[in-house]
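Good morning, and thank you for coming. Please keep the sequence and the model in view.

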Amino acid sequence: MTTLLRAQIRPGMQGIDTTVKSAQGIWRAFAPTWQMVMGYKSGTLSWDAYCEQYAQILARVPAHVWETLAQAERQIVLCYCREGWNCHTHELIEFAVRQFPERFVDGRPDRKSSTRLDSLT
Ligand SMILES: [Zn+2]
């Protein structure tokens, strides 16, 4: 069983970069497109529409990528977004747990409490 978490990309943070900007190798399969990222940032693409498009990307992720993701006890998917922001990494974790409940568990702390913790630091 693999526990999935997400974190913000920062120096020294170990994990899997899933961004369109800098994801490497097989992990590029988890990246959204530039068009989606720019559309959401500029306000021409709603978060719901972004998630719909991203779900289609997730549905096309090859089986071997999911298998590789499941080869560690704990995996941290990374993005540039801060904790508490809308981010495709949340969608990725939710999709993985829903699609492969025998392989993945959601290791994210409660979103409200993580926001609280952030505001204390
Ligand atoms: Zn993000």
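Let us begin with Ile 26, which is partly exposed because 14 other C-beta atoms lie within 10 Å. By this count a residue is buried if 20 or more other C-beta atoms lie within 10 Å of its own, exposed if 12 or fewer, and partly exposed in between, with C-beta atoms placed from the backbone. Before going further, please note that this is a predicted model: local features need pLDDT of at least 70, side-chain atom pairs count only at pLDDT 80 or more, and totals for chains, interfaces and linings use all residues. Residues are numbered from 1 along each chain as its sequence is written.

Where does Ile 26 sit? It is found in the loop between strand 2 (16-17) and helix 1 (34-42). Helices (H or I, at least four residues) and strands (E, at least two) are DSSP runs, numbered from the N terminus. Leaving aside residues up to four places away in sequence, Ile 26 touches Val 65 and Thr 68; contact here requires C-beta atoms, placed from the backbone, to lie within 7 Å.

Let us turn to the whole chain. It holds 5 helices and 4 strands, and from the N terminus on the order is β-β-α-α-α-β-α-β-α. Of its 121 residues, 21% count as buried.

Asp 17, for instance, has Leu 78 in strand 3 as its bridge partner.

Finally, the helices. The axes of helix 2 (residues 47-59) and helix 4 (residues 88-99) come within 10 Å and cross at roughly 50°. Axes are lines fitted to C-alpha atoms, for helices over the stretch in contact, and angles run from 0 to 180 degrees between N-to-C directions. Helix 2 is therefore oblique to helix 4, since angles under 35 degrees count as roughly parallel, over 145 as roughly antiparallel, 65 to 115 as roughly perpendicular and the rest as oblique. Helix 2 contributes Cys 51, Tyr 54, Ala 55 and Leu 58 to the contact, and helix 4 contributes His 88, Glu 91, Leu 92 and Phe 95.

Methods. Two residues are in contact if their C-beta atoms, placed from the backbone, lie within 7 Å. Two strands pair if DSSP finds at least two bridges between them.
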